[in-house]
Amino acid sequence: MAVVIVVAALTACGWSSPMAASPPSGFSIKSGGLERCYVVFRPAGLATSRAVPVVFVLHGLGDSGTSIEQTTGFDAVSQANQFVAIYPDGYANSRNTGSGVGRAEQGGVVDVAYIAADLAEEARDHTIDTDRVLATGCSHGAVMTTNMGC
C-alpha cells in the first residue's frame, strides 16, 4: 500500500458536521489497548462499484478530529472530489510524533498503528484505492504525516 504525504478530539467521541446532506459518522476502534475515536465522511453519491481514495486529516496538538473537520472544510472538498475523509483523534489530543511533545508520546502510544487500523476498518466495509491513501495535517498533525510516510 502506498501512502502519499501532503504536508500542509472528539473528547468523549461526540461528532457533528455542518454538511447535512451526508453527515459524517463517528466510530471508535481498539488500538494498542486504547479506545480511539475518529470521524469518517463519505460523500453522497460516492461510487460503490470502484475503489475510492482516502484522505486522513490530522489535527494539531490540543485539537480534535471534529474540530479540524469543522475548520478545514475538507467535507466539502471530499464531496466535490469524491474521496473518503477520515479525521482520527490523537490520544489525549496529541500524537506520538517523536518530537517529545504531548501525552501520546509520553505514554508510548503508537499512532501509525492506530491510523492503519482506521484504514483497515474502512476497507473492511468499503472498497478503497490503496494506491491513493493520502494524509494532510495541521501543525502536530503535519508532523504525523511524515511519520506515516516513513
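Biologist: Which residues does Phe56 touch, not counting residues up to four places away in sequence?

Modeller: Phe56 touches Ile86, Pro88, Ile115, Asp118, Leu119, Val133, Leu134, Ala135, Thr136 and Met148, where contact means heavy atoms within 4.5 Å. Some ground rules before we go on. This is a predicted model, where local features need pLDDT of at least 70, side-chain atom pairs count only at pLDDT 80 or more, and totals for chains, interfaces and linings use all residues. Residues are numbered from 1 along each chain as its sequence is written, and side-chain values use heavy atoms, with hydrogens and water left out.

Biologist: OK. Which residues touch the most other members of the largest nonpolar core?

Modeller: Phe56 is one of them, along with Val54, Val84, Ile86, Ile115 and Met148, in a core of 19 residues. A nonpolar core here is a set of buried Ala, Val, Leu, Ile, Met, Phe, Trp, Tyr and Cys residues joined through side-chain atoms within 4.5 Å. Buried means under 20% relative accessible area, exposed over 50%, and partly exposed in between, with a 1.4 Å probe and protein chains only.

Biologist: And which elements give two or more residues to that core?

Modeller: β3, β4, β5, α4, β6 (128-137) and α5 (140-149). Helices (H or I, at least four residues) and strands (E, at least two) are DSSP runs, numbered from the N terminus. Another core, of 9 residues, lies apart from the largest one and includes Phe41, Val55, Ala85 and Tyr87.

Biologist: Next, helix α1. Which of its residues are buried?

Modeller: Gly65, Thr66, Ser67, Ile68 and Glu69, in a helix that covers residues 65-72. The buried residues of α1 pack against β3, β4 (52-58), α2 (74-81) and β5 (84-88). Just after α1, Gly73 has a positive phi of about 80 degrees.

Biologist: Aromatics now. How many aromatic pairs are there?

Modeller: There are 2. Rings of Phe, Tyr and Trp (its six-membered ring) pair if their centres lie within 6.5 Å; planes under 30 degrees apart count as stacked, over 60 as edge-to-face and the rest as tilted. Phe27 and Tyr38 are stacked, at 5.6 Å centre to centre and 25 degrees between the planes. Phe27 is in strand β2 (residues 25-31) and Tyr38 in strand β3 (residues 34-41), so this pair ties together parts 11 residues apart in sequence.

Biologist: Is Tyr38 buried or exposed?

Modeller: Tyr38 is buried, at 2% relative accessibility, while Phe27 is partly exposed at 29%. In the other pair, Phe74 and Phe83 have ring centres 6.5 Å apart and planes at 65 degrees, so they count as edge-to-face.

Biologist: What sits over the ring of Tyr114?

Modeller: The charged end of Arg36, 3.8 Å from the ring centre. The rule is NZ of Lys or CZ of Arg within 6 Å of the ring centre and within 35 degrees of the ring normal.

Biologist: How many salt bridges?

Modeller: The count is 4, taking a side-chain nitrogen of Lys or Arg within 4 Å of a carboxyl oxygen of Asp or Glu. Glu122 pairs with Arg42, with the closest N and O atoms 2.7 Å apart. Glu122 lies in helix α4 (residues 111-125) and Arg42 in the loop between β3 and β4, so the bridge ties together parts 80 residues apart in sequence.

Biologist: What about Arg124, buried or exposed?

Modeller: Arg124 is exposed, at 59% relative accessibility. Its salt-bridge partner is Glu121, at 2.5 Å between the closest N and O atoms.
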